[in-house]
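Subject: Structure handover

Hello,

Here is the structure I promised to pass on. Please open it first, then read the notes below.

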Amino acid sequence: MTSTVITNIRTLVTNDPALGDGGPLGLVEDAAVVLDGDRVAWVGRAADAPAADSAYDAEGRAALPGFVDSHSHLLFGGDRTAEFNARMSGRPYTAGGIRTTVAATREAGDDELARNLRRFLDEARRQGTTTMETKSGYGLTPEQESRALRVAAGQTDEVTYMGAHIVAPEYADDPAAYVDLVTGPMLDACAPYARWVDVFCEKGAFDGDQARAVLTAGRAKGLVPRIHANQLSPGPGVRLAVELGAASADHCTHLGDADVDALADAEETVATLLPGCEFSTRAVYPDARRLLDAGATVALSTDCNPGSSFTSSMPFCVAIAVREMGMTPDEAVWSATAGGARALRRTDVGRLSPGARADLTLLDAPSHVHLAYRPGVPLTTRVWHRGTPVAM
Ligand SMILES: [Zn+2]
């Protein structure tokens, strides 16, 4: 293994409070990091850094852990430009939303799905994302869902089975039979490729009882629950997530006091906020401040998907979270790195301390605050993923 010392870092975010100042961010000024193979070997003041096989001069830039994007839908075919254009132009759009993508995904070959996924993972990595979850949910048959997850498992280790995205068009008149399929043969076909099980708990998708059935069936097959909860309207999703010990309740836009209390008291369930979705649909943003003040753990993620949030940019989500959701820059950066790791129950990513995976993002700025201060500017200049520089 070869080691590299990255030195002359103006501000380093470690997300380890024991290593520095700034509370949870564990900030170190005038810092250095030593990467050894695919691990972080040493973190501290540049003046104290040990020798390494090679050195990289960060020239006074800021460094932070690679972003952990814990929620995306990248296994799809086709495109929904027309739908977005109509929505933003005030025109009614009556084609089928998710169903449009289901039709295009079923038509796509395995190679096309794999190429598409590769493209988005690379695109995200060039913006500093070094861990990315992705879900099925545009195939909606046992064969289609399992082949999408097989494609995903070849490219990322955070794979989620979401046959319960919407009721498949073939089952529009018999949603109970579709739930039986999702919790039966489809689950059997998909479980070998997935770590997580997810369900869209919402009016027009799956109600609380159906969501419970999907998640408990997945859990019985060794998958860990996560939920699309309270996105478009109030509902039982958040409380179900906490009750079942889900890793995360995602969206959390329409919350009552009981939902906030449940998330604040939750030992195992992270509130994952997806502001790209509200941005792209002109919807009201979730209230991150309320969740943080109550004591909930908050993650930020892109929800990258062709319908409601077609961005792979975590810096963009950080900027919106600060401007529109009441988060401080420090909170938003924590939520986009350590928060995402928490939502994926990972301890090896989302931090830069000895033993962590060597995933590091260098910004063309002296401070991580610039992610919110300079929105829309491509600040990510260099990314190390598992200790290897990413082609930019
Ligand atoms: Zn989603």
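A word on the annotations first: UniProt positions are given in the numbering used here, feature names are shortened, and annotations may be inferred rather than shown by experiment. Residues are numbered from 1 along each chain as its sequence is written. This is a predicted model: local features need pLDDT of at least 70, side-chain atom pairs count only at pLDDT 80 or more, and totals for chains, interfaces and linings use all residues.

**The annotated site**

An unreviewed UniProt entry gives "binding site" for Tyr138, Asn305 and Gly307. These residues span 170 residues in sequence, yet no two of their C-alpha atoms are more than 11.5 Å apart, so they gather at one spot.

Tyrosine 138 sits in the loop between strand S8 (134-135) and helix H4 (142-153). Helices (H or I, at least four residues) and strands (E, at least two) are DSSP runs, numbered from the N terminus. Tyrosine 138 is buried, with 31 other C-beta atoms within 10 Å. Buried means 20 or more such atoms within 10 Å, exposed means 12 or fewer, and partly exposed lies in between; C-beta atoms are placed from the backbone. Leaving aside neighbours within four places in sequence, tyrosine 138 is in contact with Leu75, Phe76, Thr101, Val102 and Thr105. Contact means that the C-beta atoms, placed from the backbone, lie within 7 Å.

Asparagine 305 lies in the loop between strand S14 (298-300) and H12. Asparagine 305 counts as buried because it has 27 C-beta neighbours inside 10 Å. Residues up to four places away not counted, asparagine 305 touches Ser72, His73 and Phe310.

**Helix H12**

H12 (residues 314-325) is mostly covered: nine of its twelve residues are buried. Among them are Met314, Cys317 and Met325. Glycine 326 follows H12, and its phi is positive, near 80°.

**The two domains**

Domain 1 is 3-66 + 350-390, and domain 2 is 67-344. These bounds come from an automatic or database domain assignment. The domain centres, taken over C-alpha atoms, are 29 Å apart. Each domain gives 22 residues to the contact. On the side of domain 1 that touches domain 2, strand S5 (62-65), helix H14 (370-373) and strand S16 (380-385) each supply at least two residues.

**Leucine 363**

Leucine 363 is in strand S15 (residues 360-363). Leucine 363 is buried, with 27 other C-beta atoms within 10 Å.

Best wishes

Key:
Two residues are in contact if their C-beta atoms, placed from the backbone, lie within 7 Å.
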